[in-house]
Amino acid sequence: MTDRIVVIDFAGTLIKAEVIEEANEFRASVLQRALPTKKEHADPEHFYKINQEFVENLTGLKSDVIIKYRKNDLEFMELSGEQVHNQISTNLFQIGMFMAARKYGRDIVPEGLIEQLQRIRDIGYKLAIVSGVRTDIISGMLKIAEIPVEFDCIYGQPPILGIENQEKDIKELQSIGKIIYNLGDKISDLERTKDTGAKTIFVRWGHAAGGEEEFADFIIESPEELEDVIK
């Protein structure tokens with residue numbers, strides 16, 4: 001029997017939007033910038049660009065320089081200054097996210113969602129996180145907050161952002177099983193599975209970008225409503 005998979009977005013869907021905002025407050029305070037606007041949240045590329053500029057202003061590292069870098073597997077590579085800016089920015093975000101996970105524990109997850117995910121696993125679905133957030137941030141927060149849900153796959157980003165890997169991630173998931181549902185709080189989350197035949201579920205508790213209601217197969221206000229959607 002082919003495994004049935006439910007894909008879940010991380011920031012704003014699995015993790016409360018206000019937790020993300022608190023981590024952004026920490027990063028903004030270090031970068032000496034104003035808090036990100038709702039418009040920035042809805043446009044990740046624009047958001048990354050602004051943070052790059054603040055990192056450059058803070059550190060003096062120019063975007064067009066080349067930096068020698070050694071990976072955890074001891075291989076060597078070169079990074080552009082822009083890539084280093086992104087990595088510094090997400091390192092700050094990681095600290096803020098880990099602090100929030102320690103502060104709030106299981107309350108980083110919207111009320112009722114843990115129980116629904118446990119139910120979904122119990123009725124035979126596999127759970128996969130697909131996200132634009134770094135994989136180490138995702139898995140670290142789940143451990144710190146002691147979230148009692150087993151995720152079969154976590155497809156996040158590497159420390160160096162800007163890699164277009166999510167289409168590849170979805171294809172890898174399809175080699176494991178059939179994606180049946182996809183939960184997300186903004187249109188880019190829902191569009192990840194547009195060619196898979198999966199039903200999309202727009203969750204209203206995150207950072208919507210616009211167009212989600214027209215695109216989604218289901219719209220839910222609270223996690224409890226998943227009871228009537230995923231059976």
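1. Buried here means under 20% relative accessible area, exposed means over 50%, and partly exposed is what sits in between (1.4 Å probe, protein chains only). With that in hand, K68 is exposed, at a relative accessible area of 66%. Before going on, the ground rules: this is a predicted model, where local features need pLDDT of at least 70, side-chain atom pairs count only at pLDDT 80 or more, and totals for chains, interfaces and linings use all residues. Residues are numbered from 1 along each chain as its sequence is written, and side-chain values use heavy atoms, with hydrogens and water left out.

2. Strand β2 (residues 66-70) and strand β3 (residues 76-80) run antiparallel and are joined by 5 bridges. Strands and helices are DSSP runs numbered from the N terminus (E, at least two residues, for strands; H or I, at least four, for helices), and two strands count as paired if DSSP finds at least two bridges between them.

3. What joins K68 to E78? A salt bridge does, with the closest N and O atoms 2.6 Å apart. K68 lies in strand β2 and E78 in strand β3, so this pair ties together parts that are 10 residues apart in sequence. The term stands for a side-chain nitrogen of Lys or Arg within 4 Å of a carboxyl oxygen of Asp or Glu. E78 counts as partly exposed, at 46% relative accessibility.

4. Still in the hairpin, have a look at the turn. There are 5 residues between the strands β2 and β3, and L74 takes a positive phi near 75° there. That is a positive value in a residue other than glycine. L74 is also exposed, with a relative accessible area of 53%.

5. Q32 is another one to click on when you go through the backbone angles. Its phi is positive, about 60°, although Q32 is not a glycine. Q32 lies in the loop between α1 (17-31) and α2 (38-42). Is Q32 buried or exposed? Q32 is exposed, with a relative accessible area of 63%.

6. Back to charge pairs. Side chains of opposite charge can pair when their charged atoms come close. A search of the whole structure turns up 14 salt bridges. One of them is between the side chains of R121 and D152, at 2.6 Å from N to O. This pair links distant parts of the chain, 31 residues apart: R121 is in helix α5, while D152 is in the loop between α6 (135-144) and β5 (153-157). Both ends are partly exposed: R121 has a relative accessible area of 27%, and D152 has 29%.

7. A further salt bridge pairs R204 with E213, and here the closest N and O atoms are 2.8 Å apart. R204 counts as partly exposed at 36% relative accessibility, and E213 does too, at 40%. There is also a network: D9, K186, D189 and R192 are joined into one by salt bridges that share partners.

8. Which residues form the negative surface patch? D107, E111, E115 and E224 do. Patch members have over 30% relative accessible area and no salt bridge, with like charges joined within 9 Å and nonpolar side chains (Val, Leu, Ile, Met, Phe, Trp, Tyr) within 5 Å.

9. Now for strand β6 (residues 177-184). Of its 8 residues, 6 are buried, so this strand is largely enclosed by the rest of the structure. It has parallel partners to look at. Strand β1 (residues 3-8) runs parallel to β6, with 6 bridges joining the two; D3 stands opposite G177 in β6. Strand β7 (residues 199-203) pairs with β6 in the parallel sense over 4 bridges, and G184 stands opposite F202 in β7.

10. N51 lies in helix α3 (residues 44-59). N51 is buried, with a relative accessible area of 2%. How many residues apart in sequence are N51 and S89? They are 38 residues apart in sequence, and 6.6 Å apart in space, C-alpha to C-alpha.

Definitions and conventions:
Accessible areas come from the Shrake-Rupley method with a 1.4 Å probe; for residues, only the protein chains shown count as cover. Lys and Arg count as positive and Asp and Glu as negative; His and the chain ends are not counted. The place of a charge is taken as NZ of Lys, CZ of Arg, CG of Asp or CD of Glu.
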